[in-house]
Amino acid sequence: MSGIIKWQKSSFSGGDDNQDCIELAEADGQILLRESDAPDTVVTTDRTKLRAFLLGVKAGEFDHLAG
């Protein structure tokens, strides 16, 4: 990955920097995801796959995993 990566966290995480959250960034045409408490572990995907995942989340397809 070239350049500086600017990570963005969800506004649902609140303003407290001590709250763990999922962060996203875009670099070299890829979408990067990481947990703020494990910043060295990065998942890479593309816009199409991320869109499909988010639609599945909104449709409740993964609710059983959240307990």
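Residues are classed as buried under 20% relative accessible area, as exposed over 50%, and as partly exposed in between (1.4 Å probe, protein chains only). By this criterion, buried residues make up 18% of the 67 residues in the protein chain. The structure is a predicted model, in which local features need pLDDT of at least 70 and side-chain atom pairs count only at pLDDT 80 or more, whereas totals for chains, interfaces and linings use all residues. Residues are numbered from 1 along each chain as its sequence is written, and side-chain values use heavy atoms, with hydrogens and water left out.

The protein chain contains one helix and four strands, where helices (H or I, at least four residues) and strands (E, at least two) are DSSP runs numbered from the N terminus. Along the sequence these elements follow the pattern β-β-β-β-α. The chain exposes about 5400 Å², of which carbon and sulfur atoms supply 53%; accessible areas were computed by the Shrake-Rupley method with a 1.4 Å probe, and for residues only the protein chains shown count as cover. With contact defined as heavy atoms within 4.5 Å, residues 24 or more positions apart account for 15% of the contacts with a separation of 6 or more.

The four strands form an open sheet in the order E1-E2-E3-E4, with antiparallel pairing. Strand E1 (8–9) and E4 are the edge strands, each pairing on one side only. Pairing of two strands requires that DSSP find at least two bridges between them. Strand E2 (residues 22–27) and E3 pair in the antiparallel sense over six bridges, and glutamate 26 stands opposite isoleucine 31 in E3. E2 and E3 form a hairpin with two residues between them, and aspartate 28 in the turn has a positive phi of about 55 degrees. Strand E3 (residues 30–35) is in turn paired with E4 in the antiparallel sense over five bridges, and a hairpin joins E3 to E4 through two residues. In this pairing, threonine 44 in E4 is the bridge partner of leucine 32, and valine 42 in E4 is that of arginine 34.

Threonine 45 belongs to strand E4 (residues 38–45). The residue is buried, because its relative accessible area is 16%. When residues up to four places away in sequence are not counted, threonine 45 touches Gln30, Ile31, Leu33 and Leu50.

Two salt bridges were identified, a salt bridge being a side-chain nitrogen of Lys or Arg within 4 Å of a carboxyl oxygen of Asp or Glu. In one of them, glutamate 23 is joined to arginine 34, with the closest N and O atoms 2.6 Å apart. This pair links distant parts of the chain, with glutamate 23 in strand E2 and arginine 34 in strand E3, eleven residues apart. Both partners are buried: the relative accessible area is 12% for glutamate 23 and 17% for arginine 34. Glutamate 26 and arginine 47 also meet in a salt bridge through their side chains (2.8 Å, N to O). Because glutamate 26 lies in strand E2 and arginine 47 in helix H1, this pair ties together parts that are 21 residues apart in sequence. Here glutamate 26 is partly exposed at 43% relative accessible area, and arginine 47 is partly exposed at 47%.

A pair of aromatic rings is described by the distance of the centres and the angle of the planes. Phenylalanine 62 is found in the segment after helix H1 (47–58). Phenylalanine 53 is partly exposed, with a relative accessible area of 41%, and phenylalanine 62 is partly exposed as well, at 32%.

Phe53 and Phe62 also contribute, together with Leu54, Val57 and Leu65, to a nonpolar surface patch of about 450 Å². Patches are made of residues with over 30% relative accessible area and no salt bridge, with like charges joined within 9 Å and nonpolar side chains (Val, Leu, Ile, Met, Phe, Trp, Tyr) within 5 Å.
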